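Please look over the sequence and the 3D view before reading on. The text below then goes through the structure part by part.

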Amino acid sequence: MNEARERWTSRSSFIIASVGAAIGLGNVWRFPYICYENGGGAFLIPYFIALLTAGIPLMILEYGLGRKMQAGAPTAFAMVRKGAEWVGWLSLMVVMLIFLYYPVIMAWCVDYVTYAFNLGWGADARTFFERDFLQLSGGPGALAGIRWPIVIGLAVVWLAIYLCLFKGLKALSKIVFYTVIIPWVILVIMVIRGLTLPGAIEGLKFYLTPNFSVLLNPRVWLAAYGQIFFTLSLAMGTMIVYSSYLPRKSDIANNSFIVSLANCGTSFFAGFAVFSILGYLAQAMGVGVPEVTKSGFGLAFITYPTAIRLLPFIPAFFGILFFLLLLTLGIDSAFSQIEPFVAGFTDKWKFNRKRVLPLVCILGFLIGIVFTTRGGYYWLDIVDYFANTFGLTMVGLLECIVIGYIYKASKMREYVNDVSEFSIGKWWDICIKIITPVILGISFILSIVTLIRKGYGGYPAWATIIGVVITIGIVVMSFVLMSLRGKTMKMEASETD
Ligand code: PHE
C-alpha cells in the first residue's frame with residue numbers, strides 16, 4: 001500500500017465528498033425534467049431499478065478498484081491488465097469534455113445571481129436568456145464573438161475550483177462539508193417556499209402521478225439508466241480516485257449504498273422544490289402544468305426565473321437563493337471532475353500536483369471560452385450529448401468487461417466483502433457481468449442508429465460529424481496516453497494490499 005498517498009481525514013469526509021461529487025446541477029433541473037418527460041411518477045420505478053442494478057453495483061466496482069489499487073483510473077486499470085489502461089484514460093477524456101462545459105453552466109449561474117438582485121430577466125425570461133444574455137447566433141457555424149459577462153463568470157468559477165483543490169485533501173475534507181450542507185439548507189428553504197404556494201399540489205400531482213404505460217417504452221428505461229450514470233458521476237474516474245484516497249480497512253459496500261441513496265434521495269427531494277413552483281406558475285398563467293415546463297436548460301434559466309418573479313414575497317431573495325443553490329451544488333461536482341484528471345497524470349508520470357493543477361485550470365478556462373461565444377451554447381449542447389451518450393456508455397461497458405471478465409467479478413466481490421461492513425452476494429456479479437453491460441450495449445447501439453438516421457438536435461450534418469470526430473478523438477487520445485511510458489508504477493501494490 002502506498003503510504004505516501006494523500007488521505008481523507010475521516011470516513012465522513014470521504015462520504016461527503018462523494019455525495020458532493022454526485023449531487024450537482026444534474027439533480028435539480030435534469031432529474032425533475034427527465035422524470036416529467038418520462039411518465040412522472042412511473043419513471044421512479046425504472047429509475048430505482050437502474051439504481052439497484054447498475055448504479056450501486058458500479059459504485060461498488062469503482063470504489064473497490066480505487067481502494068484496492070490505490071491509484072487513479074488509468075493506473076488502477078493498468079494494474080488489472082496493462083492493456084486496460086486506456087479504459088482509465090478514456091474515462092478521463094470523457095470527464096475532460098464535461099469539465100470544459102460544466103463550469104460554463106455554472107458561469108451562467110454566477111451571472112444570474114447578479115441579475116436576481118433586481119430580477120433582471122423581466123417578464124419574458126426566455127427572450128432574456130436567449131436574446132439578451134446568451135445573444136444566440138444563428139447556429140453552431142457562427143461563433144460570433146465572445147460574451148464577456150459569461151467569460152467573467154467562468155473565470156470566477158475556475159478560480160473557485162482552483163482554490164478548493166490546491167491545498168490538497170486535508171483542506172478538501174473540510175471544504176466539502178460546506179459545499180454539501182449549504183445547498184441542502186437552501187434546498188429545504190426552496191421546498192418549503194414551494195409547497196406553501198397556491199397551485200403547488202397540482203405540480204406535485206403532476207410529478208408523482210404514475211403513468212404505467214410508459215414502462216413498456218424502452219426509451220424510458222434508457223433515460224433512467226443514463227440519468228443514474230450521470231447523477232452518480234460514474235464512469236468518469238471520479239469515484240475511483242476518491243476511493244483511492246481511502247485509508248486501509250475502509251468499508252466499500254456500505255459507503256456505496258450511502259452515497260448512492262443520498263444522491264438519489266436529494267434528486268427526489270429537489271423534485272418537490274421544482275414541481276411545486278411549476279404548479280404555482282401554471283396556476284398564475286392559467287395553463288396546465290405540462291404547458292409550463294420546457295427543455296432541460298430552460299427549466300433552470302427560463303421557467304424557474306419566470307416563476308420566481310411572480311412570487312408574492314421578496315422574490316429577489318429567492319432568485320438569488322436559487323442560483324446560489326445551483327452554484328454550491330455544482331462546485332463540488334466541478335472539482336470532482338478535475339481531481340481524477342490531475343491524479344491520472346500525477347500517478348503515471350509523478351508530476352508535481354502543484355504544477356499540473358494550475359495548468360489544467362488555466363487550459364480548462366481558455367478552452368471553455370469557446371462555449372462563452374454567441375454560438376457556444378450550441379457547442380455546449382453538442383459536446384454534452386456526445387460525452388454523455390457515447391463516452392459514458394463506452395466507459396461503463398468497458399469497466400464491466402474489464403472487472404467482470406478479465407479481473408473476474410467474483411474476485412473483486414471477495415475483496416469488497418473482506419473489507420466491508422456487510423457482504424454483497426452473487427447478485428453483484430450478475431449485475432456487473434450481464435445486466436449493466438447488456439443495457440449499456442443496447443443503449444450504445446440504439447444511440448448510434450438514431451444518430452445516423454436523424455443526426456442530433458437538428459444541427460447541420462457537419463456539426464454532428466465534428467461530434468463524432470471528437471468522440472473518436474478521445475478514444476485515440478486514450479491509446480496515445482497509454483502508450484507513453486510512465487515513471488515506474490508500483491504494480492505489486494495490487495497484490496500486497
Ligand atoms: N453528477 C454530477 C451532477 O449530477 C455531474 C458530474 C459528472 C460530476 C461527472 C462529476 C463527474 O450534476
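The model is predicted.

We begin with the core. The largest nonpolar core has 188 residues. Within this core, the residues with the most contacts are W108, W121 and F322. The helix that gives the most to the core is α5, residues 85-116, with 25 residues. Leaving aside residues up to four places away in sequence, W121 touches Y112, Y115, A116, F128, P305, T306, I308, R309 and F323.

Next come pairs of helices. Two packed helices are described by the angle between their axes and the distance between the axes. For α7 and α15, the angle is about 65° and the axes are 10 Å apart. Angles of 65 to 115 degrees count as roughly perpendicular, so α7 and α15 are described as roughly perpendicular to each other. Their crossing is right-handed. On the α7 side, the contact is made by V157, W158, A160, I161, C164 and L165, and on the α15 side by I331, A334, F335, I338 and E339. Sorted by class, this contact of α7 with α15 has ten nonpolar residues, no polar residues and one charged residue.

Helix α15 also packs against helix α8, which covers residues 169-195. What are the angle and the axis distance for α8 and α15? The angle is about 145°, and the axes are 9 Å apart. The crossing of α8 and α15 is left-handed. From α8, the contact includes L172, I175, V176, T179 and R193, among others. From α15, F318, L321, F322, D332 and F335 are among the residues that take part. By class, the contact of α8 with α15 has 18 nonpolar, two polar and two charged residues. F322, listed here on the α15 side, is also one of the residues with the most contacts inside the largest nonpolar core.

Helix α4 is made up of residues 73-80. Is α4 largely enclosed or largely open? Eight of its eight residues are buried, so α4 is largely enclosed by the rest of the structure. The buried residues are A73, P74, T75, A76, F77, A78, M79 and V80.

Apart from residues up to four places away in sequence, A224 touches F43, P46, Y47 and A50. From A17, A224 is 207 residues away in sequence, and the two C-alpha atoms are 24 Å apart in space.

Finally, consider the backbone angle phi. Most residues other than glycine have a negative phi. Q135 has a positive phi, near 50°. Where is Q135 found? Q135 is in the loop between α6, residues 125-133, and α7, residues 148-165. With 26% relative accessibility, Q135 counts as partly exposed, because that term covers values between the 20% and 50% cut-offs. K350 has a positive phi too, near 55°. K350 lies in the loop between α15, residues 315-349, and α16, residues 353-368. The relative accessible area of K350 is 47%, so K350 is partly exposed.

Notes
Residues numbered from 1 in each chain as written. Predicted model: local features only at pLDDT ≥ 70, side-chain atom pairs only at ≥ 80, totals over all residues. Heavy atoms only, no water. Core = buried A, V, L, I, M, F, W, Y, C linked by side-chain atoms within 4.5 Å. Buried < 20%, exposed > 50% of the residue type's maximum accessible area, 1.4 Å probe, protein only. Helix = DSSP H or I, 4+ residues; strand = E, 2+ residues; numbered from the N terminus. Contact = heavy atoms within 4.5 Å. Axes fitted to C-alpha atoms, helices over the stretch in contact; angles between N-to-C directions. Parallel < 35°, antiparallel > 145°, perpendicular 65-115°, else oblique. Left-handed = near helix turned anticlockwise from the far one by under 90°. Nonpolar A, V, L, I, M, F, W, Y, C, P; charged D, E, K, R; others polar.
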